[in-house]
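Here's a quick walk through a model, starting with a strand pair and ending with the ligand site. Have the viewer open as you read.

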Amino acid sequence: MKAIVVERLGPPDVMQLRELSVPQPGPGEVRLKVEAVGINFADVLAVAGEYLTRTRVPYTPGMEFAGVVDALGEGVTGVQVGQRVASLGGRGGLAEYALSPAAALIPVPQNLTAAQAAAFPVSYFTAYHGLKTLGHGREGEWVLVQAAAGALGTASIQLAKALGMNVIAMASTEEKLQLARDLGADVTLLQDDPDRVQKVRDAAGGKGVPLILEVVGGKRFQESLDMAANRGRIIVIGNASREQANLRPVELMKRNLTVTGLWLTSLMGDQAATREAAQALTPLVASGQVTPQVGPTYALADSPRAFQDMLDRKTTGKVIIEP
Ligand code: NDP
């Protein structure tokens with residue numbers, strides 16, 4: 001089968017298209033015939049060797065994918081060969097066939113295409129945990145969504161609106177802000193607007209924003225503190241700038257701010273939180289109230305270009321690769 005292989009870490013062009021043997025599912029695993037792979041910023045960082053955990057090479061990237069179950073490992077029940085599923089926490093998605101723990105499979109509502117299914121798990125579960133599990137967002141409350149036209153950003157806008165919240169969306173271009181408005185954002189602002197701090201504070205009733213989904217990091221992190229309302233909650237989800245941020249704890253103290261980290265991988269181990277998120281998300285997706293935003297779609301051989309386009313901030317929605 002055709003697969004992407006990374007033998008040394010670095011920029012996207014370290015990814016190579018190779019011929020590999022089809023993997024065999026071990027106990028508790030299933031094999032999928034991969035139809036679509038959702039590319040996360042985490043994949044880009046992992047190939048660069050800059051992710052939260054160490055990337056061991058050689059490996060095939062792709063942690064989020066959708067496809068048809070093609071073989072079952074020993075002891076797997078409750079899944080049928082031929083069923084379309086998505087995997088959150090599988091491995092080696094950038095290939096014609098990939099393995100996933102059966103426990104990491106998510107049923108795909110009938111109304112979703114394979115690409116939409118691959119665009120769903122990471123972004124929507126992360127958005128739910130940011131807005132509700134850790135963010136404790138309430139109906140009628142304002143939330144600031146950064147990188148609003150990206151995969152997580154578009155998921156966060158839709159979900160916040162479905163939960164009755166008011167959204168301020170920030171992104172780097174007017175075109176991206178238009179997408180945010182199309183998805184229901186109430187206020188949109190260019191990320192480089194010189195008056196952005198004051199404008200965000202004004203938009204949220206002059207007192208700052210009670211909830212911020214922080215994904216850019218670096219010097220923008222200080223701005224998030226400045227944009228937050230007293231007693232505001234800042235959920236640190238990403239560091240797309242790849243710069244260090246400074247945090248002076250005394251600043252949190254003075255304004256009773258809360259800064260909470262969110263990493264989906266470790267939250268997935270919390271079964272109660274995962275169940276609650278799934279129960280909230282499934283009906284919203286099945287009814288079409290939220291629709292995973294499929295962004296640009298690439299062939300397997302074009303994986304390096306897909307990753308580079310993400311780094312260059314050229315993409316909106318979830319970048320999809322179809323093996
Ligand atoms: P996106 O599709 O949103 O792509 C990243 C976006 O980040 C870009 O489009 C860009 O939007 C913005 N950005 C800001 N500064 C930079 C920069 N210096 N270089 C590149 N991009 C920049 O990707 P994802 O939805 O996968 O991820 C969004 C963020 O959320 C990432 O930081 C990611 O690591 C994080 N994340 C974390 C999770 C967790 O479990 N903690 C789970 C999922 C995502 P713009 O041009 O508008 O600024």
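Strand E12 (residues 228-236) and E13 run parallel and are joined by four bridges. Strands here are DSSP runs of at least two residues (E), helices are runs of at least four (H or I), and both are numbered from the N terminus; two strands pair if DSSP finds at least two bridges between them.

Zooming out, the open sheet has six strands in the order E10-E9-E8-E11-E12-E13, with parallel pairing. Strand E10 (187-190) and strand E13 (258-261) sit at the edges with a single partner strand each, so one side of each has no neighbour in the sheet. From one strand to the next, the twist averages 20° (axes are lines fitted to C-alpha atoms, and angles run from 0 to 180 degrees between N-to-C directions).

Some housekeeping: this is a predicted model, where local features need pLDDT of at least 70 and side-chain atom pairs count only at pLDDT 80 or more, while totals for chains, interfaces and linings use all residues. Residues are numbered from 1 along each chain as its sequence is written, and side-chain values use heavy atoms, with hydrogens and water left out.

Now the ligand. There are 26 residues around it, and Leu152, Ser172, Lys176, Leu262 and Leu264 come nearest (a residue counts as near if one of its heavy atoms lies within 4 Å). The polar contacts below are pairs of N or O atoms within 3.5 Å.

| Residue | Polar atom in the residue | Distance to a ligand oxygen atom |
|---|---|---|
| Leu152 | backbone | 2.8 Å |
| Ser172 | side chain | 2.5 Å |
| Arg313 | side chain | 2.9 Å |

Taken alone the ligand exposes 890 Å², and the protein buries 91% of that (Shrake-Rupley areas, 1.4 Å probe). By type, the shell holds 15 nonpolar, nine polar and two charged residues; Asp, Glu, Lys and Arg count as charged, Ala, Val, Leu, Ile, Met, Phe, Trp, Tyr, Cys and Pro as nonpolar, and the others, Gly among them, as polar. Helix H3 (121-133), helix H4 (151-162) and helix H11 (303-311) each supply at least two shell residues.

Why does the ligand lie between domain 1 (2-120 + 293-322) and domain 2 (123-266)? Both domains give residues to the shell around the ligand, so it lies between them; the bounds come from an automatic or database domain assignment.

Last, a backbone detail: Val57 and Pro58 are joined by a cis peptide bond, with omega about -5°.

Terms used
A polar contact is a pair of N or O atoms within 3.5 Å; within protein, one must be able to donate a hydrogen and the other to accept it, and residues adjacent in sequence count only if both atoms are side-chain atoms.
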